[in-house]
Structure formats: structure tokens, C-alpha cells
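Subject: Structure handover

Hello,

My notes follow below it.

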Amino acid sequence: MKTVLLTVDKKVDKEKIYAQAVDILNQGEVVAFPTETVYGLGAVATNEEAVKKIYKAKGRPSDNPLIVHIGTMEEVPNYVEEIPENAKKLMERFWPGPLTLIMKAKRGVLATSVTAGLSTVGIRMPDHEVALELLRALKKPLAAPSANRSGKPSPTKAAHVYEDLKGRIPLILDGGTTGIGIESTVLDVTVNPPVILRPGGITKEMLEDEIGEVLEPTPKEQELESTPKAPGMKYTHYAPEAPVYLIEKNHEKIKQTIAKLKKEGHRVALLAPSNYSATSADYFFPFGDEEDQKQMAAKLYDSLRACDKTDATIILATTTSSEGVGAAIMNRLFKAAGGKFIEVPGTE
Ligand code: TXA
Ligand code: MG
């Protein structure tokens with residue numbers, strides 16, 4: 001299959017591009033498109049055959065359900081049994097935006113593969129012009145996971161999607177680099193208080209400001225849970241080829257660790273704030289300013305992918321505070337590293 005990449009920007013004939021994408025989707029094929037978080041791989045959510053092609057293109061396990069993307073609030077009642085009060089408030093406040101709400105699914109409306117057999121469905125309205133215009137031209141919901149090969153870091157650029165899915169999907173809409181850079185917050189509103197199943201751009205504090213108490217399992221609890229609530233949380237995710245280790249932000253320790261690793265014959269890639277450039281790492285991928293978690297989130301996946309383009313044998317990534325968006329960043333970093341911190345004897 002030939003994969004076509006079309007750039008959607010103000011200068012080009014956008015209507016024609018959306019019409020082409022809508023045609024392909026209505027034929028039961030998949031299309032990759034940008035959202036404000038990461039690129040998604042979409043298929044019409046009511047078409048079982050089309051949705052199955054998403055799993056196939058990604059190599060995704062079929063027990064991991066997909067998020068349904070919608071273009072207007074009015075559609076929500078078509079897909080869910082009821083909209084809890086909390087959900088109504090959150091939609092008003094945060095949609096369009098990086099918040100996925102898990103609600104009771106209406107039976108027999110969405111393709112079975114979307115919910116992977118669960119009685120609930122995750123719905124969100126993305127805050128990106130291209131995604132919204134595509135959804136509004138299509139007038140149907142799009143089931144869409146992140147547009148990466150399963151297990152790879154999520155794509156924040158059309159080039160990442162092309163790298164992973166070239167030859168496997170017919171069309172990628174290129175809308176530039178995504179703004180937020182990590183996936184939406186997934187919140188289960190079928191329970192009271194609601195539970196964050198995956199931390200993201202909309203933080204616990206922001207949610208609580210609107211609806212009061214919200215629960216958040218610690219990374220340890222998520223790992224230990226035998227049947228995770230968000231099935232996606234149990235797979236090793238977001239990982240580049242070389243092993244990733246977490247390291248504290250401490251200039252002296254980082255320097256010593258890199259020196260030791262290089263002596264052992266390693267080629268070291270370092271992902272850290274810009275002010276950590278003066279180490280002897282073979283490759284340095286700056287996250288932006290030390291306290292700027294927004295930049296860190298925006299650059300995380302691109303940096304992890306960039307490591308794959310080097311001959312680094314080990315990747316060190318600095319941790320950040322778990323306040324605010326930091327919770328989402330640490331969640332992704334923890335997974336990329338499989339929870340491992342670097343331990344090099346003789347360094348402090
Ligand atoms: O920002 C995002 O959410 C991106 C963009 C493309 O919208 N999408 C995304 O989709 O990250 P995906 O499939 O990579 O992650 C969806 C997550 C998974 O962890 C999945 O297990 C969880 O949401 N999920 C989906 N439906 C669910 C349900 N009914 N109950 C519990 N968890 C669900
Ligand atoms: Mg994903």
C-alpha cells in the first residue's frame with residue numbers, strides 16, 4: 001500500500017484534502033491525523049471492519065480499547081447510556097481538550113472492537129483545527145489510538161507516523177508538530193469519586209477545581225493491579241530500542257554516571273533540561289528550561305525517537321517533580337524506563 005502524506009495548512013486547498021480523507025474513511029480505511037496531544041490513527045467508529053484495520057496497522061493487542069473522537073458535544077448521547085453530572089461539568093470546562101471521559105457505552109452502536117469487549121467507552125473532543133474539521137466534515141465518530149506502532153513512543157509529528165506506518169495506511173494528514181506532546185488524561189466517571197486511569201494534560205488539580213475529589217492510583221498500584229482499569233497501562237509503552245534509565249537531576253551524579261558508563265564501553269544519550277549540556281554524554285537531547293514541564297512534555301517523545309536514530313547503547317533521562325503535568329511526564333518516563341533507575345557503584 002502506498003502511504004500519501006498531505007500537508008494541511010492555511011495556504012493549501014483544505015476542503016479538497018478533507019474531502020479526500022472523508023472519502024477514504026467512508027470506504028472503511030484508516031487515516032492518520034493530528035490532535036493537540038499526539039497524532040491519532042482514525043477509522044469510522046461504527047464500522048467494525050475499519051476499526052480492525054487500526055489494530056492491524058499498529059500491531060496493537062485487541063484487548064486494548066480505543067478512544068472515540070467526536071466533533072460536537074451533541075453527539076455524546078448517541079454513544080453513551082447516560083452522561084454523569086461530573087462528566088457534563090468537565091465537558092463544558094475542558095472540551096475541546098486533552099480529556100477522555102470513560103462512560104457506560106450504549107450497546108450495539110459502536111463497533112465491538114472499539115471497546116474491546118468492555119461495557120464502557122472513552123470519548124473525547126480534540127482541540128485541534130485539523131482533527132475538528134475532519135470530524136465535522138465526516139459527521140461520524142472516529143475511533144483513534146495514537147498513530148504509532150504498538151510499543152513505540154507516540155507520534156508528535158507526521159514524520160513519526162510515516163516512519164512507523166509507511167506502507168500500512170493510505171493517508172496521513174500533516175498538521176505540523178502537536179502542541180501538548182503527551183496523550184490525553186483518561187478519567188473514569190462511571191465511579192464516584194472519578195478515577196484518573198492515565199494522567200495527561202488536564203491535571204488532577206484542574207479536575208478537582210471543577211468537580212471536587214478525584215482519585216489517582218500511584219504508578220506502583222497501577223503496576224500491581226492484575227486487571228488494569230485502562231488496559232493500555234499494562235503494556236511496555238513509549239520505549240525506544242536502547243534501554244532507558246531514570247536519573248535524578250543532579251549535575252555531579254550525572255557526570256560521574258556518564259563517565260563510568262563510557263568507561264564500560266557504553267555510548268550514552270542524555271535527555272535532560274538545557275542546563276545539563278555540559279556533560280560528556282555522546283548525545284544530548286534537551287527538554288527545554290529546567291522548570292518548564294510544558295516543553296518537557298512537548299519534547300519527550302521526539303527525544304526518545306531521536307535516540308533511536310543514534311548508536312547510543314544506553315539512554316539516561318532525568319526525572320521531574322510529579323506536580324501538575326509532571327505526573328503525566330513521570331508516568332510516561334517510568335514506562336519508557338520500565339521503572340528502572342540507574343545504579344552505578346561509586347557514584348553518589
Ligand atoms: O491523546 C490521546 O488520548 C490520543 C489522541 C490520538 O487522541 N489517543 C490515545 O489513544 O492515546 P491510545 O489508544 O493510545 O490510548 C487510549 C488509552 C489506553 O490506555 C486505553 O486502555 C484507555 O485509553 N481506554 C480506552 N477506552 C477505555 C475504556 N473503555 N476503559 C478504560 N480505559 C480505556
Ligand atoms: Mg497509544
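A definition to start: two residues are in contact if their C-beta atoms, placed from the backbone, lie within 7 Å. This is a predicted model, where local features need pLDDT of at least 70 and side-chain atom pairs count only at pLDDT 80 or more, while totals for chains, interfaces and linings use all residues. Residues are numbered from 1 along each chain as its sequence is written, and chains are lettered from A and ligands numbered from 1 in the order in which they are written.

Annotated site

UniProt, in an unreviewed entry, places the feature "binding site" at Thr 37, His 69, Arg 124 and Ser 184. Such annotations may be inferred rather than shown by experiment; the positions follow the numbering used here, and feature names are shortened. The four positions are spread over 148 residues of sequence, yet they cluster in space, with a largest C-alpha distance of 12.6 Å.

His 69 sits in strand β4 (residues 67–69). Strands (E, at least two residues) and helices (H or I, at least four) are DSSP runs, numbered from the N terminus. Not counting residues up to four places away in sequence, His 69 touches Gly 40, Gly 42, Arg 124, Pro 126, Ala 131, Leu 135, Pro 141, Leu 142 and Ala 144. His 69 is buried, because 26 other C-beta atoms lie within 10 Å. The cut-offs: buried is 20 or more other C-beta atoms within 10 Å of a residue's own, exposed is 12 or fewer, and partly exposed is in between.

Thr 37 lies in the loop between β2 and β3 (40–44). Thr 37 also counts as buried, with 28 C-beta neighbours inside 10 Å. Its contacts, leaving aside neighbours within four places in sequence, include Ser 184, Pro 98 and Gly 201.

Helix α7

In α7 (residues 158–165), the buried residues are Ala 158, His 160, Val 161, Asp 164 and Leu 165. They are on the same side of α7 because they cover an arc of only 155 degrees around the axis, taken from the directions from the helix axis to the C-beta atoms. They pack against β1 (4–7), β2 (31–33), α2 (48–58), β8 (171–174) and α11 (293–308). Just after α7, Gly 167 has a positive phi of about 85 degrees.

Domains

The protein chain divides into domain 1 (4–229) and domain 2 (244–336), with bounds from an automatic or database domain assignment. Their centres, taken over C-alpha atoms, are 28 Å apart.

Best wishes
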